[in-house]
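Subject: Structure handover

Hello,

Here is the structure you asked for. My notes on what was found in it follow below.

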Amino acid sequence: MVTRVNPPSEERTSPPAAPDAGPRPAPALSEGVRVRVLRLVYGDPRAAAELVARLTERQAAGLDPLPAEPADLAPETLRAHRREIRALPDGTRLVLLLAAADQYPVATHAFLRAVAAARLDTRPLDAAEAAGIAYATAGGVGFRDAWTRIAAYETAAPADRRDAHRLLARVLHGAAETPRRSWHRGAGALGPSARLAAELAAAAAQARAAGDPALSGALAERAAALCADPGARSRLLAHAATDAWHRGDGDRSRALAARTDADALSGILALRTGHAGEAFDALLDGAARAAGARPAPGAPPPGRDGSTASPVTSSVVSREPAVSREPVTSPEPVASHESGEVAGPAPAAPVAHLLARAAEAAVYTGDLRRCREAALVAGQSGIDPPGVLGGIAAAVDGRYEDARNLLEATAGRCGPGGDPTLLLHAGIAALMLGDHTRAATATVRAAAAARARGVTAAVSQAMEFRAYADFWTGRPRAAEAAALDALRQAYATGQDNGACHLQAALAMFAALTGDEDLCRERAAAARAHALAHSLGLPAALAQWALAFLDLGSGRFAAAAARLRALAASGPGHGHRAIRHLATPHYVEAAVRTGETRVARAAHADYDRWARAVGSVDDLALSARCRALLTPGADAVEHYRTALRLHAEGARAFERARTELLFGSALRRLRRRTEARDRLHSAMEAFESFDAPHCAESARAELRALGAPATPARGDRRPTVHLTAQQLLVARMAADGATNREIAGRLALSPRTIDHHLRGVFTRLGIRSRIELVRLLADADGG
């Protein structure tokens, strides 16, 4: 029973500053760090300022993980809250300690039962309510804020905290409450205990299987703290790091991973936060080792210097680890079973998952030839190349028919409720096949499966590839809104490489709408990060976005130059798949600038791929390229073929572009009636996609034809003419946010926000924020 609440004998203080040391200026933060700082300090601006001032240059740049413990985050903020707690009566502090131990860092919902079991008096809580610190709720106690809850716990002496945890453990009896009971038992322990460490490790496996990485991670961390064996402790910390990553706490995951010898885990983290080339090497090495010597029955799990499987191979990449059903007597067997290292041959799933992640690393770097290395390891392991690995390897070798068959098999595995990694690969395979509808389905299901399993970090990755499908199928607003949401998630969960990919995708959306300033800012941000981290995919996508902007604005020479540079860029700077996707745009720009010889060679390879995969969208674009490369009236039938194929496909924006090019060709051939119909159709489509610069190109052709150009269509709701980005900025401004505040939330510069607001005011025909508030209220009401 808890009988006292004694304050610790001395307060932790920061080391004194040097006598001549002035205040250190706050370092400039990368956008990802800024978002994570606010998340770590629970949105408290004063605590955020305190934490920023304490960051090292490497932490501020996102190179090292941010602090994880409250005392390291903002000690002055915590110290102020602790003073408030100490000013309360002993009985009040006792009740608050029990409530805080029930909520922090694991919510166990046992406060009321503990109060009843210990026959505690809750009337002293009145003093906390009077001070505005805490208040009674139906379920127990609510704290003013997270810092107050932490202070209520940390102000108490260690012995009192242990007593509180032991009391809470005694009242948790249900079978489903086993992991939380184990947590309190572990938190109440005096020192290392093999028995308690084993119990906590088993409870962590139970919580992990239930899709609760926050609980399983806390249990694994506590088990590691109670474990005296260095090897077992490293494996438990690796599980805790994996759980932290899955729940979206990238900084804690990286800090924990640094205390382990898990190469495979390091590869996973590098894939999303570090150098993608190094990620590939670590993942392929982990897969090769996992596919090597098998542990003998009963053999202890090997460490980094062994020749067998990495201890975190399964837990890093799978949300369904094999859990031992045998009685647990020590923590080490539990760690061994959790990592998939059971008696007999090592399971194929860990090797396959690591190879699938290695394939993703190759995709992100743009070094697709490295997929051959991964495919070789798969062959040596006696397993089929997982995910898109085999299909990419075949495509790189020019075996397009084999690639089609392998990618088709992968894309077909997009049923609901599957593994998020496999669903993601199904979406990537569908994108490569030009099946954007199936790609959208697979990526949405990947995100849903990740949420259901508690794998928060995987959600934004699925949405990275969902953006492609939405963009090409004529849903640019939905794509932009989803990408912005995923961008915030990527930054918050420490996935700066994923954020870079999303920045490049948003640059492409800005290019489609003709927003030149935004496109250039997004593209510059993406390329700066991409080139530093060997991310060829976003680097190439950003380059394509700039070329697409030039093409839509009639700057054909600039577009051709950018796309030529893209074709010459190697891994880490460019990407073969993006170069391939951009071929129709390159052919258009090249024909306009007289570079037909190179354009014909590029089209020949594109056409061979289109015929191999049989995608009607790719075949339509190939026919359009052929029309552009064919002089005079002979091009007409190729355009007709392209439009017939477009009618069966899903790339509505490209169909509109084909109609624009066809209408222009018909005008030059003096076929006025059909030219007018095609150009009107293209103009209306571009207006519906909110691509005003493309719509203006169609109007210019109509004016050259001597036909009346219909003005932009009106709408009862003027906000329908805003892009998703403009509407988001408008709503924030209407809610009272300043330009600088909006810029911070959207990872843009204040200058760009000012540009957006000027565009909003122009499109809506207003002059002030007051009018904006009124107009948005009317639009929402309508």
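Helices (H or I, at least four residues) and strands (E, at least two) are DSSP runs, numbered from the N terminus. This is a predicted model, in which local features need pLDDT of at least 70 and side-chain atom pairs count only at pLDDT 80 or more, while totals for chains, interfaces and linings use all residues. Residues are numbered from 1 along each chain as its sequence is written, and side-chain values use heavy atoms, with hydrogens and water left out.

Loops

S534 sits in the loop between α29 (516-532) and α30 (536-552). Its relative accessible area is 17%, so S534 is buried (under 20% relative accessible area; exposed is over 50%, partly exposed in between; 1.4 Å probe, protein chains only). S534 is not a glycine, yet has a positive phi of about 60°. Not counting residues up to four places away in sequence, S534 touches H275, A276, G277, Y364, T365 and G572, where contact means heavy atoms within 4.5 Å.

R670, in the loop between α37 (652-668) and α38 (672-688), is likewise a residue other than glycine with a positive phi, near 65°. R670 is exposed, at 73% relative accessibility.

The loop between α6 (90-103) and α7 (111-118) holds P105. The peptide bond from Y104 to P105 is cis, with omega near 0°.

Cores

A nonpolar core is a set of buried Ala, Val, Leu, Ile, Met, Phe, Trp, Tyr and Cys residues joined through side-chain atoms within 4.5 Å. The largest has 195 residues, and L355, F686 and L772 have the most contacts inside it. Helix α28 (residues 496-513) gives the most to this core, with 12 residues. Another core, of 48 residues, lies apart from it and includes A47, V52, L120 and F143.

Helix α28 also contains D496, which is buried at 11% relative accessible area. Leaving aside neighbours within four places in sequence, D496 is in contact with G32, R36, R272, Y491 and H529. From D496 to A530 is 34 residues in sequence and 9.9 Å in space, C-alpha to C-alpha.

Helix α23

In α23 (residues 400-411), the residues Y400, A403, L407, T410 and A411 are buried. They cover an arc of only 90° around the axis, so they are on the same side of α23; the arc is that of the directions from the helix axis to the C-beta atoms. The buried residues of α23 pack against α22 (389-396), α24 (420-432), α25 (436-452), α32 (576-581) and α34 (596-613).

Regards

Terms used. The expected span of a helix is 1.5 Å times one less than its number of residues.
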